[in-house]
Amino acid sequence: MARFYIQFAGRERDATGIDCADVAGARNEAVRQLGGYLSDHPGYAEEGHWRVTVEDSSRRPLLNVIVATVGVRGAPDE
């Protein structure tokens with residue numbers, strides 16, 4: 001197991017340390033945590049995009065998980 005950190009961008013949150021077998025496992029956990037946060041706070045999805053960075057044990061960025069809310073061109077406004 002290796003130590004990874006998940007850092008939510010744009011929010012006042014500390015990075016969460018997790019132990020995973022590999023980067024793919026850390027990415028999957030980042031997706032789960034982001035999904036859980038958005039599930040609990042659905043209004044935040046209206047703000048544009050969210051980025052979660054997966055970092056290695058030295059806190060170097062390895063990858064970003066990005067979720068964006070983008071309106072379809074020509075769609076009626078609500």
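Buried means under 20% relative accessible area, exposed means over 50%, and partly exposed lies in between, with a 1.4 Å probe and protein chains only. By that scale Asp19 is partly exposed, with a relative accessible area of 45%. The model is predicted: local features need pLDDT of at least 70, side-chain atom pairs count only at pLDDT 80 or more, and totals for chains, interfaces and linings use all residues. Residues are numbered from 1 along each chain as its sequence is written, and side-chain values use heavy atoms, with hydrogens and water left out.

**Sheet and helix**

- Helices (H or I, at least four residues) and strands (E, at least two) are DSSP runs, numbered from the N terminus.
- Four strands form an open sheet in the order β2-β1-β3-β4, with antiparallel pairing; two strands pair if DSSP finds at least two bridges between them.
- The edges are taken by β2 and β4, each with a single partner strand, so one side of each has no neighbour in the sheet.
- From one strand to the next, the twist averages 25 degrees.
- Helix α1 packs on the sheet and touches β1, β2, β3 and β4, where contact means heavy atoms within 4.5 Å.
- The direction of α1 makes about 30 degrees with that of β1; axes are lines fitted to C-alpha atoms, for helices over the stretch in contact, and angles run from 0 to 180 degrees between N-to-C directions.

- Strand β3 (residues 49–55) pairs with strand β4 (residues 61–68) in the antiparallel sense over seven bridges.
- Opposite Thr53 stands Asn64 in β4, and opposite Val54 stands Leu63 in β4.
- Five residues lie between the two strands of the hairpin, in which Arg59 takes a positive phi near 70 degrees.

**Asp56 in the loop**

- Asp56 is placed in the loop between β3 and β4 and counts as buried at 12% relative accessibility.
- A polar atom of the Asp56 side chain lies 2.9 Å from the backbone nitrogen of Ser58.
- With neighbours within four places in sequence left aside, Asp56 is in contact with Arg3, Phe4, Tyr5 and Leu62.

**Salt bridges**

- A salt bridge is a side-chain nitrogen of Lys or Arg within 4 Å of a carboxyl oxygen of Asp or Glu, and by this rule the count comes to four.
- One of them joins Asp19 and Arg3, whose closest N and O atoms are 3.3 Å apart.
- That pair links distant parts of the chain, since Asp19 is in strand β2 and Arg3 in strand β1, 16 residues apart.
- Arg3 counts as partly exposed at 36% relative accessibility.
- Another joins Arg59 and Glu55, with the closest N and O atoms 2.5 Å apart; Arg59 is partly exposed at 38%, whereas Glu55 is buried at 10%.
- Asp56 also meets Arg60 in a salt bridge of 2.9 Å, N to O; Arg60 counts as exposed at 52% relative accessibility.

**Nonpolar core**

- A nonpolar core is a set of buried Ala, Val, Leu, Ile, Met, Phe, Trp, Tyr and Cys residues joined through side-chain atoms within 4.5 Å.
- The largest such core has 14 residues, and Phe8, Leu34 and Val52 have the most contacts inside it.
- Two or more residues of this core come from each of β1 (2–8), β2 (16–20), α1 (23–40) and β3.
- The most, five residues, come from α1.

Definitions and conventions: A polar contact is a pair of N or O atoms within 3.5 Å; within protein, one must be able to donate a hydrogen and the other to accept it, and residues adjacent in sequence count only if both atoms are side-chain atoms.
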